[in-house]
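This briefing is meant to be read with the sequence and the coordinates side by side.

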Amino acid sequence: MFELKTQMYFAAAHHLLNYDGECENQHGHNWLVEAYVKGTELDKSNILIDYKVLKRELKSVLDLLDHKDINELPCFNGISPSSEMLSKFIYGKLKEKIGILSRVSVWETPTSCASYYEE
């Protein structure tokens, strides 16, 4: 089994709904997103997927969030945009483009991240 990972950043504001604490107030992060792909079949160049393709498709998804107030986006209407929900959202959008996607991790600080994957 082969696994590849790429990383990319985006900046955005959000606030958590139904939360009792400082994070209920609007604040921003420079989010780090990691996208993982997994598979057993390599192409004729012995690569699982071209990093250029993976990065291009990840950027197209992150462009939906970059420099936005995530709470104001229609896809998060009434949904608390936690790191957990962001990882699920990014996974869903990227999986439509990259079938061998295995996991997405979203870091909101250097020590705190949430991941989403399907079994």
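**Backbone detail and overall picture**

H67 is found in the loop between helix 1 and helix 2, and in this predicted model the residue is exposed, with a relative accessible area of 65%. Phi of H67 is near 55°, a positive value in a residue other than glycine. Most residues other than glycine have a negative phi.

**Fold and dimensions**

- The protein chain contains two helices and four strands, and along the sequence these elements follow the pattern β-β-α-α-β-β.
- With a radius of gyration of 15 Å, close to the 14 Å that the globule rule gives for 119 residues, the protein chain is as compact as a globular protein of that length.

**Surface and charge**

- Buried residues account for 40% of the 119 residues in the protein chain.
- The accessible surface of the protein chain amounts to about 7,200 Å², and carbon and sulfur atoms contribute 49% of that area.
- There are 13 positive and 18 negative side chains in the protein chain, and the centres of these two sets are 10 Å apart.

**Aromatic pairs**

- The count of aromatic pairs comes to three, and two of them are described here.
- F76 and F89 form a tilted pair, with 5.3 Å from centre to centre and 55° between the planes.
- This pair links distant parts of the chain, since F76 belongs to the loop between helix 1 (51-62) and helix 2 (83-95) whereas F89 belongs to helix 2, 13 residues apart.
- F76 counts as buried at 3% relative accessibility, and F89 counts as buried at 15%.
- Y91 and Y116 make an edge-to-face pair, for which the centres are 5.2 Å apart and the planes stand at 70°.
- Because Y91 lies in helix 2 and Y116 in strand 4 (residues 112-116), the pair ties together parts that are 25 residues apart in sequence.
- Y91 is buried, with a relative accessible area of 2%, while Y116 counts as partly exposed at 22% relative accessibility.

**Two threonines in strands**

- T6 is located in strand 1 (residues 2-14) and is buried, with a relative accessible area of 5%, which is under the 20% cut-off.
- Leaving aside residues up to four places away in sequence, T6 touches V33, E34, A35, L54, K55 and L58.
- T109 is located in strand 3 (residues 101-109), and at 29% relative accessibility T109 counts as partly exposed.
- The C-alpha atoms of T109 and M8 are separated by 14 Å, and these two residues are 101 residues apart along the chain.

Technical notes
Residues numbered from 1 in each chain as written. Predicted model: local features only at pLDDT ≥ 70, side-chain atom pairs only at ≥ 80, totals over all residues. Heavy atoms only, no water. Rg over C-alpha atoms; globule rule 2.2 N^0.38 Å. Buried < 20%, exposed > 50% of the residue type's maximum accessible area, 1.4 Å probe, protein only. Areas by Shrake-Rupley, 256 points an atom, 1.4 Å probe, with all protein chains shown as cover. Lys, Arg positive; Asp, Glu negative; His and termini not counted. Charge placed at Lys NZ, Arg CZ, Asp CG, Glu CD. Phe/Tyr/Trp six-rings, centres within 6.5 Å; stacked < 30°, edge-to-face > 60°. Contact = heavy atoms within 4.5 Å.
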